[in-house]
Amino acid sequence: MRHFLHYIYFIVVIGIATSCSSNRNIVRVDNIQAFTARCNIRINESNHSTSISGSLRFRKDDVIQILFTPIFGMEAARLEISPDDVFLIDRMNKQFIRASYGEIRAMSGMNLNYKKIQKLFLRCLTLSNEEMLSEQHVTLPINNHLELDLSLTNFAERNDWTGHSTVSDKYREIEISELTKLLPQHQ
């Protein structure tokens, strides 16, 4: 759980990334309102690398969801980024965190919001003359110790998915301060 929340935390902070490097193109992002894609996220730390696979769902000006499905397509966790807050559901341990951007700013010192994250995703999807969405790979440097590689495949312009998640009363809410206790400290 400790490492999993560590990786989820760094996915949330991608909004501070200042650059994208792309080796493939994606078409007509200015017209895309919603899409889904398969994703593979590799987190490269100074001496360690971990990959997490899943699905990305994007609905412009509404919600960005990343569903983490590491084993046999079963959802282990979901990260939902909306204009109001960030919602992380840990399905394995039946717990969740809902944090406002103000709480994230207070915890991390980063000025993060939905528009910045959405702009990052849209900026990394570049235009080409192709008519079909294709594979996309971006590298996001987070800090001196951490880099995030995001690969997206199997794009579909789709809007037929539930946009905002809920959890049953079987889930326990944890405070964002509990998340910071689980994260390793870089020196």
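This is a predicted model: local features need pLDDT of at least 70, side-chain atom pairs count only at pLDDT 80 or more; totals for chains, interfaces and linings use all residues.
A charge sits over a ring if NZ of Lys or CZ of Arg is within 6 Å of the ring centre and within 35 degrees of the ring normal. The charged end of Arg59 sits over the Trp161 ring, at 4.2 Å from its centre.

Trp161 also turns up among the neighbours of Thr36. Leaving aside residues up to four places away in sequence, Thr36 touches Leu56, Arg57, Asn154, Phe155, Ala156, Arg158 and Trp161. Thr36 itself is part of strand S1, which covers residues 34-45. Its relative accessibility is 13%, so Thr36 counts as buried, because the cut-off for that label is under 20%.

Now for the rings. A pair of aromatic rings is described by the distance of the centres and the angle of the planes. There are three aromatic pairs in the structure. Take Phe35 and Phe155: their ring centres are 5.5 Å apart and their planes meet at 50°, so this pair is tilted. Phe35 belongs to strand S1 and Phe155 to strand S8 (residues 146-156), so the pair ties together parts that are 120 residues apart in sequence. Phe35 counts as buried, because its relative accessibility is 1%. Phe155 is buried too, with a relative accessible area of 14%.

What about Phe87 and Phe96? Both are buried. Their ring centres lie 5.7 Å apart and the planes are at 85°, so we call the pair edge-to-face, because angles over 60 degrees fall in that class.

The charged end of Arg98 sits over the Phe87 ring, 3.8 Å from its centre.

How many salt bridges does the structure hold? The count is six. One of them joins the side chains of Arg91 and Glu75, at 3.0 Å from N to O. Arg91 is in the loop between strand S5 (85-90) and strand S6 (95-100), and Glu75 is in the loop between S3 and S4, so the pair ties together parts that are 16 residues apart in sequence. Arg91 is partly exposed, with a relative accessible area of 23%, and Glu75 counts as partly exposed at 23% relative accessibility.

The side chains of Arg158 and Asp160 meet at 2.9 Å, N to O. Asp160 is exposed, at 57% relative accessible area, whereas Arg158 is partly exposed at 39%. Elsewhere, salt bridges with shared partners connect Glu75, Arg78 and Arg91 into one network.

Finally, have a look at the surface. Ile71, Phe72 and Met74 make up a nonpolar patch there, and their accessible area together is about 420 Å². Ile71 is in the loop between strand S3 (63-68) and strand S4 (77-81).

Methods
Residues are numbered from 1 along each chain as its sequence is written. Side-chain values use heavy atoms; hydrogens and water are left out. Helices (H or I, at least four residues) and strands (E, at least two) are DSSP runs, numbered from the N terminus. Buried means under 20% relative accessible area, exposed over 50%, partly exposed in between (1.4 Å probe, protein chains only). Contact means heavy atoms within 4.5 Å. Patches are made of residues with over 30% relative accessible area and no salt bridge: like charges are joined within 9 Å, nonpolar side chains (Val, Leu, Ile, Met, Phe, Trp, Tyr) within 5 Å. Accessible areas come from the Shrake-Rupley method with a 1.4 Å probe; for residues, only the protein chains shown count as cover. A salt bridge is a side-chain nitrogen of Lys or Arg within 4 Å of a carboxyl oxygen of Asp or Glu. Rings of Phe, Tyr and Trp (its six-membered ring) pair if their centres lie within 6.5 Å; planes under 30 degrees apart count as stacked, over 60 as edge-to-face and the rest as tilted.
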